[in-house]
Amino acid sequence: RMKQPEGVMRQIVAQILLGQLNIDQAAERLKVNRKTVQRWMRKIEEEVEANQQTVAIDIEQPPPPLRPTRASKPKKKSPVDELRAKVLTLEEQLEEANFKALYYSTLVRIAKHELGVDIEKKSVTKPSGSC
């Protein structure tokens, strides 16, 4: 059995929470069973709930990065090493962006279901006549 990287699993869970995939599609894409996907969803939802209990939610302030970014040392690197470093940096940025998307979509979902506040913008809203 092949273990999926955590970043891939978080990205898939984010797609499920954003309505881009359902659990069966995610399981098929990752070649795992439904229970594995459901376990990951529970794990991430528990992390979000734990963060809500320990940190005041500030919509304007994004969550901190998952891990500190690496500072580059000024030394001569080969072009291949530079490209590898850039790919690594971009992968870290993508993982952080996916986590932020998951974080915000979970906040919106919790606000809607538990607090009764619908903060998503409706796509069919009419412009106000005051402009």
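Colleague: What makes the nonpolar surface patch in this predicted model?

Modeller: L115, V117 and I119 make the patch, about 290 Å² of nonpolar surface. Patch members need over 30% relative accessible area.

Colleague: Why is L115 called exposed?

Modeller: L115 has a relative accessible area of 62%. Exposed means over 50%. So L115 is exposed, because 62% passes that cut-off.

Colleague: Where does L115 lie?

Modeller: L115 sits in the segment after α4 (79-113).

Colleague: How many helices and strands does the protein chain have?

Modeller: There are 4 helices and 0 strands. From the N terminus, the order is α-α-α-α.

Colleague: What makes up the largest nonpolar core?

Modeller: That core has 16 residues. Those with the most contacts inside it are I12, V13, I16, A26, V37, M41 and L102. Two or more residues come from each of α1 (6-17), α2 (23-30) and α3 (34-54). The largest share, 6 residues, belongs to α1.

Colleague: Why may residues of a nonpolar core be called buried?

Modeller: A nonpolar core is by definition a set of buried residues. Buried means under 20% relative accessible area. In the protein chain, 24% of the 131 residues count as buried.

Colleague: Which residues is V37 in contact with, leaving aside neighbours within four places in sequence?

Modeller: V37 is in contact with I16, I23, A26, A27 and V32. Contact means heavy atoms within 4.5 Å, so each of these residues has a heavy atom within 4.5 Å of one in V37.

Colleague: What is the accessible surface of the protein chain?

Modeller: The surface comes to about 10500 Å², and 54% of it belongs to carbon and sulfur atoms.

Key. Residues numbered from 1 in each chain as written. Predicted model: local features only at pLDDT ≥ 70, side-chain atom pairs only at ≥ 80, totals over all residues. Heavy atoms only, no water. Core = buried A, V, L, I, M, F, W, Y, C linked by side-chain atoms within 4.5 Å. Buried < 20%, exposed > 50% of the residue type's maximum accessible area, 1.4 Å probe, protein only. Patch = residues over 30% accessible without salt bridge, like charges linked within 9 Å, V, L, I, M, F, W, Y side chains within 5 Å. Areas by Shrake-Rupley, 256 points an atom, 1.4 Å probe, with all protein chains shown as cover. Salt bridge = Lys/Arg side-chain N within 4 Å of Asp/Glu carboxyl O.
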